[in-house]
Amino acid sequence: MRDIGEFINPIIEGLWDSDRMEEAQDPDQAIDETEIEEDVNPPESEDPQADRGITDVEPLPVDAQQVPFPYTDNAAPIGKVFFDTPEGSMVCSGTVVKDPAKPGQSNLVATAGHCVHAGTEGGWFRNIAFVPAFNNNGAPDPHNAPFEEMAPYGIYWANYVSTTQYWIDNGTAMGGGGAHGDFAILEVENEDGSSQSLEETVGNAVEIDFDAPAVSGLGDVTLYGFPAADPYDGNLMYNCTDTPSRLSLDSAMPGMYWAGCTMTGGSSGGPWIRWDADNEPRLISVNSIGPMESTWLAGPRLEDDAQAVLDHVSSGQR
């Protein structure tokens, strides 16, 4: 993977305290729906490659539902990603994912590319940190809650980050540019210096599926995140379950998924989870873009480019 500039992210202990977490905003990442051209009677196929270049009818809204507390029991690998940009502190969502090089001991987190790099509009963001199971018991005012409730597993700083070259070359904050490659992996370490891996600490990690079936064979998928834009405040985890359809903004790239969901900004980077035949969760995408009205979300299909990102970070070759 080619890195634009040097990624520097030294741990600053105590930087992400309650005040800074509360002040972090959702990053703008939206698309004008007039830019989307739906296909007339698009064909269905069992071949994922045949889904490229096809856009189905816009999905109907699905109301987001609160994830039950405590998150440590119901969604431990999912949390919030905090980072600093030239415009201020921002927040996304992320998920602990399995590391092929370190089975059972992963320190890897999947999120969206626009949560780590500005694409064509800049470079790497700074002070990137991950808080799994943020606000574990849903305190109505986590700003005044004990820090152990806000960060039950602690704060994990990114010591290395990678995203797709497609995002770096095409990514934009508005309009959906780069969305087909809007995927990133963080390698993290605990702020307190603990040697225990993130996967061991939270008790689980989700495997990424780079060979998901065509949209016609996906079935229901559940999208998770911490929406922070109105009418949400970023303090609670939500999810939406829908059967994805197809969206294409670049016919040369793997198609995107889109699904009805009313989650707003801040949910970016949150996982799309599909359960396989053995009822095991598989991450097939991350929240990338949605309309200003927040009626649906779309995420990239993860194929070779996304797998190269995971393999690059997992290999430790810098």
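A disulfide is taken here as a pair of cysteine sulfur atoms within 2.5 Å, and the model to which this is applied is a predicted one.

Q: How many disulfides does the structure hold, and what makes C92 and C115 a disulfide?
A: The structure holds two disulfides. The sulfur atoms of C92 and C115 lie 2.1 Å apart, and the cut-off is 2.5 Å, so the pair meets the definition.

Q: How do you know whether C92 and C115 count as buried or exposed?
A: Buried means under 20% relative accessible area. C92 has 0% relative accessibility and so counts as buried, and C115, also at 0%, counts as buried as well.

Q: What makes C240 and C261 a disulfide, and which hand does the link have?
A: The sulfur atoms of C240 and C261 are 2.1 Å apart, which is within the 2.5 Å that the definition asks for. With 65° about the S-S bond, the link of C240 and C261 is right-handed. C240 lies in strand 11 (residues 238–242) and C261 in the loop between strand 13 and strand 14 (271–275), so the pair ties together parts that are 21 residues apart in sequence.

Q: Are C240 and C261 buried or exposed?
A: C240 has a relative accessible area of 2% and is therefore buried, the limit being under 20%. C261 counts as buried because its relative accessibility is 0%. Counting the bonded cysteines along the chain, the disulfides of the protein follow the pattern 1-2, 3-4.

Q: Why is K80 said to have no salt bridge?
A: A salt bridge needs a side-chain nitrogen of Lys or Arg within 4 Å of a carboxyl oxygen of Asp or Glu. For K80, which is found in strand 3 (residues 78–85), the nearest side chain of opposite charge is E22, 7.2 Å away, so this buried lysine has no salt bridge. The side chain of K80 does reach the backbone oxygen of G234 at 2.6 Å, and since a polar contact is a pair of N or O atoms within 3.5 Å, that distance lies inside the cut-off.

Q: Why is strand 8 described as largely enclosed?
A: Six of the seven residues of strand 8 (residues 184–190) are buried, and the strand is therefore largely enclosed by the rest of the structure.

Q: How do you know that strand 8 pairs with strand 5 and with strand 7?
A: Two strands pair if at least two bridges are found between them. Four bridges join strand 5 to strand 8, and seven join strand 7 (residues 156–163) to strand 8, so both meet the requirement. Both pairs run antiparallel. Within strand 8, I185 is the bridge partner of A110 and also of S162.

Q: What makes strand 12 and strand 17 edge strands?
A: In an open sheet of three strands with the order 12-13-17 and antiparallel pairing, strand 12 (245–247) and strand 17 (296–300) each pair on one side only. Three bridges join strand 12 to strand 13 (residues 256–260), including the one between R246 and its partner Y257 in strand 13.

Key
Residues numbered from 1 in each chain as written. Predicted model: local features only at pLDDT ≥ 70, side-chain atom pairs only at ≥ 80, totals over all residues. Heavy atoms only, no water. Helix = DSSP H or I, 4+ residues; strand = E, 2+ residues; numbered from the N terminus. Buried < 20%, exposed > 50% of the residue type's maximum accessible area, 1.4 Å probe, protein only. Lys, Arg positive; Asp, Glu negative; His and termini not counted. Polar contact = N/O pair within 3.5 Å; in protein donor to acceptor, adjacent residues only side chain to side chain.
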